[in-house]
Amino acid sequence: MPHSRVPITILMADDDEDDRLLTLDALTEGRVINNLQCVEDGLELLAYLRREGRFSDPASSPRPSLILLDLNMPRMDGREALQEIKADPALRGIPVVILTTSKEEEDMLRGYDLGAASYITKPVNFEGLVELMKSLGRYWIEIVELPQNS
């Protein structure tokens with residue numbers, strides 16, 4: 001019997017505003033129950049996770065149950081951010097799904113090596129993104145048992 005669907009917080013790190021908006025639309029379209037928070041690069045991602053600066057209020061910056069991570073971002077890219085997250089005992093338990101345009105085998109191997117839970121190439125169209133978000137929703141919200149947020 002599936003357990004009850006609890007809204008989870010998904011934190012998306014992606015510098016492309018269109019990708020962030022499309023992901024939000026796809027989650028809505030796919031009726032995935034969640035709260036999507038967005039940051040624009042690896043430095044903002046770490047500030048959010050560590051509740052620094054404008055992310056200091058847990059009410060507006062809740063701890064994510066899942067991180068969607070783009071690899072290619074300015075200032076600090078996804079690879080560096082992933083390395084920092086997995087090196088931090090307070091953060092390394094948060095599953096990270098790499099969602100990127102990169103089809104480089106090396107990026108995929110390195111992502112898994114650094115502790116990513118999944119590596120997904122961004123779909124080329126909106127319909128593909130909706131299907132992806134539905135699948136992610138089914139898997140991460142309905143199937144996987146995630147620890148309750150603190």
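On a 1 Å grid over the protein atoms alone, a cavity is a set of points where a 1.4 Å probe fits but cannot get out, and its lining residues have an atom within 4 Å of a point. The model is predicted: local features need pLDDT of at least 70, side-chain atom pairs count only at pLDDT 80 or more, and totals for chains, interfaces and linings use all residues. Residues are numbered from 1 along each chain as its sequence is written, and side-chain values use heavy atoms, with hydrogens and water left out.

**Exercise 1. List the residues that line the second largest cavity, and sort them by element and class.**

Step 1. A volume is the space filled by probe spheres set on the grid points, which are joined across faces, edges and corners. For the second largest cavity it is about 30 Å³.

Step 2. The lining consists of Leu 71, Arg 79, Leu 82, Ile 98, Asp 107, Arg 110, Gly 111 and Leu 114.

Step 3. Elements are DSSP runs numbered from the N terminus: helices (H or I, at least four residues) and strands (E, at least two). Two or more lining residues come from each of α3 (78–87) and α4 (105–113). The largest share, 3 residues, belongs to α4.

Step 4. Ala, Val, Leu, Ile, Met, Phe, Trp, Tyr, Cys and Pro count as nonpolar, Asp, Glu, Lys and Arg as charged, and the others, Gly among them, as polar. The lining of the second largest cavity then splits into 4 nonpolar, 1 polar and 3 charged residues.

**Exercise 2. Describe the largest cavity in the same terms.**

Step 1. There are 2 cavities of 30 Å³ or more, and the largest cavity holds about 50 Å³ of space.

Step 2. It is lined by 11 residues, of which Ile 10, Leu 27, Leu 66, Leu 136 and Gly 137 are the closest to its centre.

Step 3. β1 (8–13), β3 (66–69) and α5 (126–143) each give two or more residues to this lining; α5 supplies the largest share, 5 residues.

Step 4. By class, the lining of the largest cavity has 10 nonpolar residues, 1 polar and no charged.

**Exercise 3. Classify the aromatic pair of Tyr 48 and Phe 55.**

Step 1. Rings of Phe, Tyr and Trp (its six-membered ring) pair if their centres lie within 6.5 Å; planes under 30 degrees apart count as stacked, over 60 as edge-to-face and the rest as tilted.

Step 2. The rings of Tyr 48 and Phe 55 are 5.4 Å apart centre to centre with 55 degrees between the planes, so the pair is tilted.

Step 3. Tyr 48 is buried because its relative accessibility is 2%, and Phe 55 is buried because its value is 7%.

Definitions and conventions
On a 1 Å grid over the protein atoms alone, a cavity is a set of points where a 1.4 Å probe fits but cannot get out, and a pocket is an open set with protein on both sides within 12 Å along at least five of seven lines; lining residues have an atom within 4 Å of a point. Buried means under 20% relative accessible area, exposed over 50%, partly exposed in between (1.4 Å probe, protein chains only).
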